[in-house]
Amino acid sequence: MAVCKKCGEEVDEVVSVQVGRRTLKVCESCADELREASEIAAGAESAMQGMMEYKGRR
């Protein structure tokens, strides 16, 4: 049995998910949560750049 690195529960199968520069082996439900959080963070960053009229690095 494998152990999820996020919730610590024993599961039949773990999934590798890239979080920033790290790769975590987590259960499927934790993987869904991490993917959702990543999508929300990307959307928030995009919205902030739009509000600040971000034109890129010079």
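A salt bridge here is a side-chain nitrogen of Lys or Arg within 4 Å of a carboxyl oxygen of Asp or Glu, and by this rule the count comes to three. The model is predicted: local features need pLDDT of at least 70, side-chain atom pairs count only at pLDDT 80 or more, and totals for chains, interfaces and linings use all residues. Residues are numbered from 1 along each chain as its sequence is written, and side-chain values use heavy atoms, leaving out hydrogens and water.

**View A. Glu33 and Lys6 form a salt bridge.** Their closest N and O atoms are 3.3 Å apart. Glu33 lies in helix H1 and Lys6 in the loop between strands E1 (2–3) and E2 (10–11), so the pair ties together parts 27 residues apart in sequence. Helices (H or I, at least four residues) and strands (E, at least two) are DSSP runs, numbered from the N terminus.

**View B. Glu28, Asp32 and Arg35 are linked in a network of salt bridges.** Arg35 meets Glu28 at 3.8 Å, N to O, while for Asp32 and Arg35 the closest N and O atoms are 3.2 Å apart. Asp32 and Arg35 are separated by about one helical turn because they are three residues apart in helix H1.

**View C. Strands E3 (residues 15–19) and E4 (residues 22–26) pair in the antiparallel sense over five bridges.** Pairing requires that DSSP finds at least two bridges between two strands. Look for Val15, whose bridge partner in E4 is Val26. The two strands form a hairpin with two residues between them, and Gly20 in the turn has a positive phi of about 65°.
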